[in-house]
Amino acid sequence: MASKVYNICIVAILVYLLTISNSFIPQANAAGKGGCGNAPAASLIPCLGAAKNGRTKVPPACCGKIGALLKTSPKCLCAALLSPAAKNAGVNPAIAVTIPKRCNIKNRPVGKRCGRYVVP
C-alpha cells in the first residue's frame, strides 16, 4: 500500500514539474524547430516503473507510447528520458534506454546514442 502511495506521489511530482517548466528539456532544442515541448515526457508516465528498474515488466501502455514516439520524433524520446523532470522522478537513463528493446520494438534505433547512453 505504501509503495502505491509513493508511486502516485512520484507521478504527481513529475506531472507538476512538467506543467511548471517550458524548458525542462535542455536537449529539446536540438530535436528540431520548436523543440519537443512537455508532451513527450508527460506521455511516458506509464513507463516510470520500467525506467527505474530493468527487471520491471514494461506495461503495454508504455510500449505503445514509446513506439509512437520513436516513429514521430526519436530525439524527443531521448530528450524526455534525460530531462531533469525524469531525473527528479527517479528515472535511471541507463535503464530507460532499454525500454524499446524490452518492448520488442523492431524499429528502435539500435546503437544510437542518447546522451552518454547507447540504445541496445
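**Cavity**

This is a predicted model. It holds one cavity of 30 Å³ or more. About 130 Å³ of space lies in the largest cavity. Its lining counts 13 residues. Nearest the centre of this cavity are Ala41, Leu44, Leu81, Ala86 and Val91. Two elements each give two or more residues to the lining: helix H3 (48-52) and helix H5 (74-82).

The largest pocket has a volume of about 210 Å³. A set of 14 residues lines the pocket. Leu70, Pro74, Cys78, Pro109 and Val119 sit closest to its centre. H5 and strand E1 (113-114) are the elements that supply two or more lining residues here. H5 gives the most, with five residues. By class, the pocket lining divides into 10 nonpolar, one polar and three charged residues.

**Side by side**

| Site | Volume | Lining residues | Lining classes |
|---|---|---|---|
| Largest pocket | about 210 Å³ | 14 residues | 10 nonpolar, one polar, three charged |

Which helix gives five residues to the lining of the largest pocket? That helix is H5. H5 also gives two or more residues to the lining of the largest cavity. Helix H3 is the other element named for the cavity, and strand E1 the other one named for the pocket.

Conventions: Residues are numbered from 1 along each chain as its sequence is written. This is a predicted model: local features need pLDDT of at least 70, side-chain atom pairs count only at pLDDT 80 or more; totals for chains, interfaces and linings use all residues. Side-chain values use heavy atoms; hydrogens and water are left out. On a 1 Å grid over the protein atoms alone, a cavity is a set of points where a 1.4 Å probe fits but cannot get out, and a pocket is an open set with protein on both sides within 12 Å along at least five of seven lines; lining residues have an atom within 4 Å of a point. Grid points are joined across faces, edges and corners, and a volume is the space filled by probe spheres set on the points. Helices (H or I, at least four residues) and strands (E, at least two) are DSSP runs, numbered from the N terminus. Ala, Val, Leu, Ile, Met, Phe, Trp, Tyr, Cys and Pro count as nonpolar, Asp, Glu, Lys and Arg as charged, and the others, Gly among them, as polar.
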